[in-house]
Amino acid sequence: GAYDPATVERGWYAWWRAQGVFEPQARPRAALHGDRPSERFSMLLPPPNVTGKLHIGHALTVALEDTMARWHRMLGREVMWLPGLDHAGIATQMVVEKKLQRERGLTRHDLGREAFVAEVW
């Protein structure tokens with residue numbers, strides 16, 4: 001039959017959790033690079049844009065971030081790759097502005113700042 005990731009990975013995920021593979025463990029850098037103490041590396045993972053239309057640029061970004069996270073982990077650093085804040089504020093604003101114009105014939109200026117922000121949220 002066809003590969004069923006839900007079935008296969010369910011068992012692996014339980015094993016990974018039991019082994020603590022998602023728990024960053026500081027390794028003394030002395031073991032790898034002299035006598036310097038273990039360091040930390042962190043970066044934010046931005047969410048996809050509000051349009052929901054993913055493209056090759058998103059894939060490239062995630063691939064590069066994954067590479068950096070893994071590289072720093074291999075260097076013995078504690079790595080935190082954390083979901084971040086919306087980087088698509090301009091795209092969000094444009095989608096909401098177009099919707100306002102289309103549905104109600106209004107601009108963000110017609111609403112004012114507070115009402116527009118409430119509309120976005």
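Keep in mind as you explore that the model is predicted.

Stop 1: The side chains of Glu78 and Arg40 form a salt bridge, with 3.6 Å from N to O. Glu78 sits in strand 2 (residues 78-83) and Arg40 in strand 1 (residues 40-45), so this pair ties together parts that are 38 residues apart in sequence. Arg40 counts as exposed, at 69% relative accessibility. Why can such pairs form? Side chains of opposite charge can pair when their charged atoms come close.

**Stop 2: the whole protein.** Zoom out for a moment. Of the 121 residues, 16% are buried. The accessible surface is about 9700 Å², and 61% of that belongs to carbon and sulfur atoms.

**Stop 3: a bridge within one helix.** Next, select Arg70 and Asp66, whose side chains meet in a salt bridge of 2.8 Å, N to O. Both belong to helix 3 (residues 56-74), and because they are four residues apart, about one helical turn separates them. Arg70 is exposed at 53%, while Asp66 is partly exposed at 23%.

**Stop 4: from helix 4 to helix 6.** Move on to Arg104 and Glu119, joined by a salt bridge of 3.3 Å, N to O. This pair links distant parts of the chain, 15 residues apart: Arg104 is in helix 4 and Glu119 in helix 6 (residues 113-120). Arg104 is partly exposed, at 43% relative accessibility, and Glu119 is partly exposed too, at 31%.

**Stop 5: Glu97.** Stay in helix 4 (residues 89-104) and select Glu97. Is Glu97 buried or exposed? It counts as buried, because its relative accessibility is 19% and the cut-off for buried is under 20%. Its side chain makes a polar contact of 3.0 Å with that of Arg108. Leaving aside residues up to four places away in sequence, Glu97 touches Leu106, Arg108 and Phe116.

**Stop 6: a nonpolar patch.** Finally, select Tyr3, Val8, Trp12, Tyr13, Trp15, Trp16, Val21 and Phe22. Together they form a nonpolar patch on the surface, with about 840 Å² of accessible area. Tyr3 lies in the segment before helix 1 (5-19) and is exposed, at 56% relative accessible area.

Methods: Residues numbered from 1 in each chain as written. Predicted model: local features only at pLDDT ≥ 70, side-chain atom pairs only at ≥ 80, totals over all residues. Heavy atoms only, no water. Patch = residues over 30% accessible without salt bridge, like charges linked within 9 Å, V, L, I, M, F, W, Y side chains within 5 Å. Areas by Shrake-Rupley, 256 points an atom, 1.4 Å probe, with all protein chains shown as cover. Salt bridge = Lys/Arg side-chain N within 4 Å of Asp/Glu carboxyl O. Helix = DSSP H or I, 4+ residues; strand = E, 2+ residues; numbered from the N terminus. Buried < 20%, exposed > 50% of the residue type's maximum accessible area, 1.4 Å probe, protein only. Polar contact = N/O pair within 3.5 Å; in protein donor to acceptor, adjacent residues only side chain to side chain. Contact = heavy atoms within 4.5 Å.
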